[in-house]
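Please look over the sequence and the model that follow, and then read the explanation beside them.

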Amino acid sequence: MNINDINFKKYKEKAAELLSDRSKLHSLIHNSIEKVKGVIESNPKLKDFVEQLNLIIRMIKAQYSGDYKEIPWKSTVMMAGALIYFITPFDFIPDLIPGLGLTDDAAVVYWVYKNIQEDIEKFRQWEITHQSI
């Protein structure tokens with residue numbers, strides 16, 4: 001599966017719009033957290049996928065709370081786009097298909113994760129230093 005097959009550009013456009021509305025952003029984060037809970041309960045084998053999603057959620061929350069301001073706009077849009085894709089049940093492979101439904105979601109999250117790796121490493125370092133305070 002190629003990321004272009006999924007038309008991720010559409011999700012990035014939605015994300016850019018959503019990021020300017022705190023209420024919609026709050027809903028995105030809340031809905032993502034709720035769906036993540038369901039994923040881990042239904043399939044513990046998706047641990048890495050869930051960890052990547054949780055990190056993306058923490059990064060967006062830290063950025064928009066003002067606690068961490070180092071994430072470039074492009075990376076923020078990609079992360080929000082990945083979350084929008086994740087919570088959308090009828091995407092490239094509908095989430096309702098047992099065993100396959102999250103395959104495309106995992107591919108999108110993994111692709112975003114790899115494309116913003118430098119930002120992720122900086123955020124992780126920031127988290128480590130701020131947890132010890």
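**Core and helix packing**

Isoleucine 60, when residues up to four places away in sequence are not counted, touches Leu25, Ile29, Met79, Ala80 and Leu83, contact meaning heavy atoms within 4.5 Å. The model is a predicted one, in which local features need pLDDT of at least 70 and side-chain atom pairs count only at pLDDT 80 or more, while totals for chains, interfaces and linings use all residues. Residues are numbered from 1 along each chain as its sequence is written, and side-chain values use heavy atoms, with hydrogens and water left out.

Ile60 and Met79 touch the most other members of the largest nonpolar core, which has 39 residues; such a core is a set of buried Ala, Val, Leu, Ile, Met, Phe, Trp, Tyr and Cys residues joined through side-chain atoms within 4.5 Å. Two or more residues of this core come from each of α1 (8-18), α2 (22-42), α3, α4 (73-87), α5 and α6 (117-131), the helices being DSSP runs (H or I, at least four residues) numbered from the N terminus.

Helix α3 (residues 47-65) packs against helix α5 (residues 103-115) at an angle of about 55 degrees, with the axes 10 Å apart; axes are lines fitted to C-alpha atoms over the stretch in contact, and angles run from 0 to 180 degrees between N-to-C directions. The two helices are therefore oblique to each other, a class left over once angles under 35, over 145 and from 65 to 115 degrees are set apart. In this packing, Phe49, Gln52, Leu53, Leu55 and Ile56 of α3 meet Asp105, Ala106, Val109, Tyr110 and Tyr113 of α5.

Glutamine 63 also lies in α3, and counts as buried because its relative accessibility is 18%, the limit being under 20% relative accessible area with a 1.4 Å probe and protein chains only.

Definitions and conventions
Buried means under 20% relative accessible area, exposed over 50%, partly exposed in between (1.4 Å probe, protein chains only).
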